[in-house]
Amino acid sequence: PVLRVAIMGLGGYGTRVAEAMKACKKAKLVGVISGTPAKIKEWQSKYQIPEKNCYNYENFDDLKDNPDIDAVYVITPNALHHDQVIRAAKAGKHVICEKPMGLNAKEGEEMVRACKEAKVKLLVGYRLHFEPKTLEIVRMRRNGDFGKILFFQGQCGFRIGDPNQWRLDRALAGGGSLMDIGIYAVNGARYMVGEEPIWVTAQEMKTDPVKFKEGVDETILFQFGFPSGAVSSCLSTYNMNNLDRFFLNGEKGFAEMQPSTGYGPIAGRTHKGKLTQQHVTHQTLQMEEMASIILEDKESIIPVDGEEGLRDLKIIDAIYKSCQTGERVELV
Ligand code: NAD
């Protein structure tokens, strides 16, 4: 069986996913949802998409009457994910949603509940959960190769350009660098350490309050404590380039990745040597695996379900809270 996918939001990342899906055997792009008729026309001819599989943001609830689409992949600005995912679920379609899954834990909980009630699967576009070098480090950690895990460091950021883009508009982005790029360190800390944080501390810095308005974070430093006693220290920023690095330290060894979250190839080494796993286009691998998760109930090595997206949102809420109060936030 092939997972028949409609992409919602035909922007930069939607285009990347569509191109990557050309190489998929188990997933196929068969539909689009867009507010721009000209883009729909262009995608129809580029990907042979029939008229009956084209929707806009007003009428996509009609997907419920379309048996030729199995799943909707939501790739729109962050603030739209919540309502769009719930509407797609109510139309009876499985949903893949880009990160961050929603703006906060409350939204995330509502999304998970709606998909459960509609009996559809909800997956989050965590492409690195299928990335071979990442999975090798997770395998080694589970195998005990690093010994007891003590420390993780994640540094994620880039200097953001155009001040008028949605990523710098609180209403559409729900925040700033943390929602967009820092989330990779939040998520990475969890899968590299292999535990869930029990406390969070965080500090925010802003050098340019004109570009980064109220509620749009420029730079945040954040720390987690884990049940085993391991700790992490991470940086999220929209104001520094060449920042894409993970470091994991244990009693018996280490892993270092740079780049660690970009489109790849990912590069890294451990105390045992260089990581040599083959690079495969992340979005191709992701969509192949997600097709198996949706159609065959396959379990991924690192989860990519709605609960996983929700865990990150709870931590992000705690990071923002700690920035505001200056206090340590306990997660239970
Ligand atoms: P983009 O600006 O390139 O595309 C967004 C698309 O949404 C555009 O086509 C735009 O027309 C459309 N849109 C629909 N309603 C809109 C509205 N009300 N306001 C503004 N635009 C609207 O952005 P992008 O880079 O494609 O990001 C989209 C989503 O994908 C974000 O949630 C982002 O975090 C995520 N993303 C994930 C990755 C990844 O590696 N997993 C990479 C990039 C982006």
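Predicted model: local features only at pLDDT ≥ 70, side-chain atom pairs only at ≥ 80, totals over all residues.
Q48 sits in the loop between α2 (37-47) and β3 (54-55), and its phi is near 50°, a positive value in a residue other than glycine.

- As background, most residues other than glycine have a negative phi.
- Is Q48 buried or exposed? With 64% relative accessibility, Q48 counts as exposed, because the cut-off for that word is over 50%.
- D297 is not a glycine either, yet it has a positive phi of about 55°.
- To find D297, look in the loop between α8 (282-296) and α9 (306-325).
- The relative accessible area of D297 is 58%, so this residue is exposed.

**Cis peptide bonds**

- Going from K99 to P100, the peptide bond is cis, with omega near -15°.
- P100 belongs to the loop between β5 (94-97) and α4 (105-117).
- Another cis peptide bond runs from G264 to P265, and its omega is near 0°.
- Where is P265? Its place is the loop that lies between β12 (254-257) and β13 (268-270).

**The nine-stranded sheet**

- Strands of a sheet pair through backbone hydrogen bonds, in either a parallel or an antiparallel way.
- Here, nine strands make up an open sheet with mixed pairing, and their order is β14-β13-β12-β11-β7-β10-β9-β8-β15.
- Which strands stand at the edges? They are β14 (273-274) and β15 (329-330); each has a single partner strand, so one side of each is left without a neighbour in the sheet.
- Inside that order, β8 (residues 199-205) and β9 (residues 219-225) are paired in the antiparallel sense, over seven bridges.
- To see this pairing at the level of residues, take V200, whose bridge partner in β9 is F224.

**Helices against the sheet**

- α9 packs on the sheet, where it touches β8, β9 and β15.
- The direction of α9 makes about 55° with that of β8.

Methods: Residues numbered from 1 in each chain as written. Heavy atoms only, no water. Helix = DSSP H or I, 4+ residues; strand = E, 2+ residues; numbered from the N terminus. Buried < 20%, exposed > 50% of the residue type's maximum accessible area, 1.4 Å probe, protein only. Pairing = 2+ DSSP bridges. Contact = heavy atoms within 4.5 Å. Axes fitted to C-alpha atoms, helices over the stretch in contact; angles between N-to-C directions.
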